[in-house]
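Please look over the sequence and the fold before reading on, and keep both in view while following the text.

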Amino acid sequence: MKRKCEYISVTDCYDNDAQSVAVKILNEKYGSRLSDIKTYIDTEYNKTYAVFLVLDDDDRKYVLKKARIEPELYSYLSVFRTGDPVPKILYHEKVDSSSCWLFLEHTGNSDLRSFGLSAHELAAEALAVFHSNHQVNDKPELPELYSLKRCIDKNSKFLDQYAHENDAPDIKELLKISNKIFKMFSNQATTVIHGDLLSMNILYNGADATLIDWSACEKGCYAQDLGRWLGDIRHASSDGWIDKAWEQPILLAYYRKRSELNGGNWKKWNEFEMEYQYSKKLNYLTIVLSHLRNKWEKSEWYSANLSALFSNGM
């Protein structure tokens, strides 16, 4: 497996609460002592996470994370099942009514940005397994998870109001494309999805791919995860998270695995590819609408997403 550079690193932990929780869990649940605790950082974005690498006195590794109860803890306790490509939850402890500590198995320190195509294909197969395990089929299940239908209703109402109050030159085209996307997804079968699947949220240890950071877990169309992962614009320069030449092999790996899990009787390739293309557009649209709704500065990244939304391919 060809390695590129590392994007995830660790540094000394100065979070006293995290240290105290780690000491307590190791002592009470495992009868061991804390040897060291480190804070995870993303070197590409210079971002420090509320996620910690915990080592005990027997050199066993764990992950401690400060998370929201909904949807992340809820997903671990009520959604995930045996065989899902997610870290095992070993213990949890509430902090307040909305947040908690998650104590998880350690599945590696390197995310998918550090690996080549074969690791991405394996990750696509892991994603196919997860989606296959969690087809909700439009039943009123998992009410705590945000749904694509609610998202569409919310964005549609906002866009109609925005168009009424603004006379921007591209607003009619934005409305036309948005309505086409919303119509496409309004009748889609429902699957539990990651909701923010980027390469940084997929760990790879040389053998297995693990999907992490379920803070945006929701009910939606399976293709949304693929559209975000493979189509998202990484930087304002319009480069994505993956090599463009990898897109089709990764999609094929996902498609073959889903077909295999469905007894060889899944979607036709053309239908699958169309849903994927629409999902990329939905990702661009969501980013554009977030800028408009929150009145964020219209940066080069915003312009790149708007351009991708208006481009051909749907």
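What follows is a walk through selected strands, helices and loops of this model.

The model is predicted, so local features are described where pLDDT is at least 70 and side-chain atom pairs count at pLDDT 80 or more, whereas totals for chains, interfaces and linings use all residues. Residues are numbered from 1 along each chain as its sequence is written, and side-chain values use heavy atoms, with hydrogens and water left out.

Helices (DSSP runs of H or I, at least four residues) and strands (runs of E, at least two) are numbered from the N terminus. A residue is called buried when its relative accessible area is under 20%, exposed when it is over 50% and partly exposed in between, with a 1.4 Å probe and protein chains only. Contact means heavy atoms within 4.5 Å.

One place to begin is strand β2 (residues 34–42), which holds Thr 39. Thr 39 has a relative accessibility of 6% and therefore counts as buried. Leaving aside residues up to four places away in sequence, Thr 39 touches Ser 9, Val 10, Thr 11, Asp 12 and Cys 13, together with Thr 48, Tyr 49, Val 51 and Phe 52. The loop between β3 (47–56) and β4 contains Asp 59, a residue that is not a glycine and yet has a positive phi of about 65°. Asp 59 is exposed, its relative accessible area being 63%.

The buried residues are Ile 69, Pro 71, Glu 72, Leu 73, Tyr 74, Ser 75, Tyr 76 and Val 79, and what covers them includes β4 (61–68), β5 (89–94), β6 (99–105) and β8 (191–193). Pro 71, which lies in α2, is joined to Glu 70 by a cis peptide bond with omega near 10°.

Helix α3 contains Ser 118, which is partly exposed at a relative accessible area of 39%. Between Ser 118 and Val 192, which are 74 residues apart along the chain, the C-alpha atoms are separated by 25 Å.

Which residues of helix α4 are buried? They are Leu 148, Cys 151, Ile 152, Asn 155, Phe 158, Leu 159 and Tyr 162. Seen down the axis of α4, these buried residues fall within an arc of 140°, so they line one face of the helix; the arc is that of the directions from the helix axis to the C-beta atoms. That buried side packs against β7 (146–147), α5 (171–185), β11 (218–220), α6 (223–231) and α8 (269–294), while the face of α4 turned away from it carries the exposed residues Lys 149, Lys 157, His 164 and Glu 165.

The buried residues of α7 are Glu 247, Ile 250, Leu 251, Ala 253, Tyr 254, Tyr 255, Arg 258 and Ser 259, and their cover includes α3 (117–133), α6 and α8. After α7 comes Gly 263, with a positive phi near 70°.

Two packed helices are described by the angle between their axes and the distance between the axes. Axes here are lines fitted to C-alpha atoms, for helices over the stretch in contact, and angles run from 0 to 180 degrees between N-to-C directions. Angles under 35 degrees count as roughly parallel, over 145 as roughly antiparallel, 65 to 115 as roughly perpendicular and the rest as oblique.

The axes of α6 and α7 (residues 247–261) come within 11 Å and cross at roughly 155°, and the two helices are therefore roughly antiparallel to each other. In this pair, Leu 226, Trp 229 and Leu 230 of α6 meet Glu 247, Ile 250, Leu 251 and Tyr 254 of α7.

α8 and α9 pack with their axes 9 Å apart and at an angle of about 135°, which makes α8 oblique to α9. The contact involves residues of α8 including Tyr 284, Leu 285 and Val 288, and residues of α9 including Trp 301, Tyr 302 and Leu 306. In the loop between α8 and α9 (300–310) lies Lys 295, which is not a glycine but has a positive phi of about 55°. With 75% relative accessibility, Lys 295 counts as exposed.
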